[in-house]
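Hi everyone, and thanks for coming.

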Amino acid sequence: MEWLTAENLIAVFTALLGVLVSAGAVWYERRVPHQRRIGYRVQLDTAIGGGTAHSAVTGAGPGVAVRRGFFNASPDLADATLVLLRIENDGALSVTSDHYTDGDDHGLTVEFEGRHVKAVVVTAPDHPRLLSHFPDTWTGPAEGATSVLLPKVPLNRGAHYKLLVLLGGGPIGSPVTVDGNIAEGHVHVNHSTTPDDEAPVFSGVARTVTVVLTACVVALAAIIVREEVPPPMGCARGTLTVTGSTAFAPVVRELAKKYEKDCAGATVIVDAHGSTAGIRELAAAGAKGGKGGKGSPAVVALSDGRKPGGYPKLRESMVAVSLFTLVVHADVPVDDLSLDRIRRIYRGEITDWSAVGGPRLPILLVSRDANSGTREVFQRRVLGRNEPAHSSRDCEHRDDAEARVIRCELDSTEQVLDTVARLPGALGYSELRAASALKGVRRIAIDGRAANVDELGASGYPYREIEYAYTWGEPPIDSLTAGFLAYLTRGAGQDVVRVHGHLPCATPRGLRICGDG
């Protein structure tokens, strides 16, 4: 079995380890930490009395404190000690008063072995509302008691309060315990490196899972790096010319660079002059029999929409759904036009922006020439008819005094966008991404529907078309033409197509939309 290699076995083992650790962590988080816990720890236990008894644990004894003032003058403090006790919710769930089950009058019991309680102070600087659960009716410990009964204080996760207890009669370091019964939980001693450390951001389980998964990712990455990335399917040597749509030309230029980088010996020349001009160029090259007088020429023509009639030998491949948009000079504050108003503008019935909510400014129509697929799509899907005649050479002044509109024709999408950005009042059209990247123009929605590739098929946006790639007949399967076409329509080139704002026809959603035409 070819796949049974050391690298593959390591990869499978690493992947299984990652899955098992993740599953175990989920189980552990669901079954173990999700319980109620109240933790406690002694943060201070110190002598303040000169006669404090010796501690077998700490070695502390008489003379460990220098007393002045009240502490030295009061005989009741001769054997006194101070204990600071922190009580907190360090579990995964909140604790309410109903979760304390020891009795009706108290929730927890603090026991000071060998010492008796003189006074208690409760503090909660970070959670002052907790003090409301120590009402005036809570009298604290009785005189000489060795324990303190605490009320049923509700604690959210991480909430805490502290007891500062004045004790007498015993050594420092004597055991301090907190007892109590918690429904679905328990009380326990916890620890902190410093008195007021916060709980860690990640639990121990989370840290373990992170370390194991990181190790798995590193192992898999090492295996992947060791493998040489194979060239794309269909790599071939030679020179290929891609012509046709100027709107799709930015996609093809980037694809050509990537293909040449991945396929040594391949040269892809992008020479776009418009969809119709590209179809004619391909047909002329095919009629000559291709290079050497035979076979399919190394030419691919891209067209915004299907080719015109009269070219029966051209073979088409659907590439992507392309979106187009109307664009206007940035100083015209119009963001939406109805189909009816667009058609009236191009018929010459509306000639000033003030008629559609804009400033008093003549409308200048900046269009593409007759070879443009972008123009053909605009006429067919938006206007429902041909554009009016060419009436201006500079796109600003009327050359034909009888023309109802000022309209010029340019050779490329880039020229249209540059002219619209330069001339106040100019209106044109463009491929979506090119229009989005240029300053000085703004896009116009149609009937309230903006051009958005993510909403294709649902919004009903009209100014869109399928991008087709045409070849002269069926190119040989091992040819550069066939290889680049596969790269464009089905291979890694789809990522580039998507980045440029088009929807590849080979994707599930693209197949549905491209199939509907």
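Let's start with strand E2 and strand E6 (residues 160-168), which pair in the antiparallel sense over eight bridges. Two strands count as paired if DSSP finds at least two bridges between them. The names come from DSSP runs numbered from the N terminus: helices are H or I with at least four residues, and strands are E with at least two. One of the bridges links Thr 81 to its partner Leu 167 in E6.

Before I go on, a word on where this comes from: this is a predicted model, where local features need pLDDT of at least 70 and side-chain atom pairs count only at pLDDT 80 or more, while totals for chains, interfaces and linings use all residues. Residues are numbered from 1 along each chain as its sequence is written, and side-chain values use heavy atoms, with hydrogens and water left out.

Back to E2. Strand E1 (residues 36-47) is joined to E2 by nine bridges, and these two run antiparallel. Here Gly 39 has Glu 88 in E2 as its bridge partner. Is E2 mostly covered or mostly open? Strand E2 (residues 81-89) is mostly covered, with seven of its nine residues buried; buried means under 20% relative accessible area (1.4 Å probe, protein chains only).

Now for another sheet. Three strands make an open sheet in the order E5-E3-E7, with antiparallel pairing. Strand E5 (147-150) and strand E7 (176-179) stand at the edges with a single partner strand each, so one side of each has no neighbour in the sheet. Strand E3 (residues 108-112) is joined to E7 by four bridges, and Phe 112 has Val 176 in E7 as its bridge partner.

A cavity is a set of points on a 1 Å grid over the protein atoms alone where a 1.4 Å probe fits but cannot get out, and lining residues have an atom within 4 Å of a point.

The lining of the largest cavity includes Val 242, Ala 249 and Leu 302. Strand E9 (238-244), helix H4 (249-262) and strand E10 (266-272) each give two or more residues to this lining, and E9 has the largest share, three residues.

Note on methods: 1 Å grid on protein atoms, 1.4 Å probe; cavity = no way out; pocket = protein on both sides within 12 Å on 5 of 7 lines; lining within 4 Å. Buried < 20%, exposed > 50% of the residue type's maximum accessible area, 1.4 Å probe, protein only.
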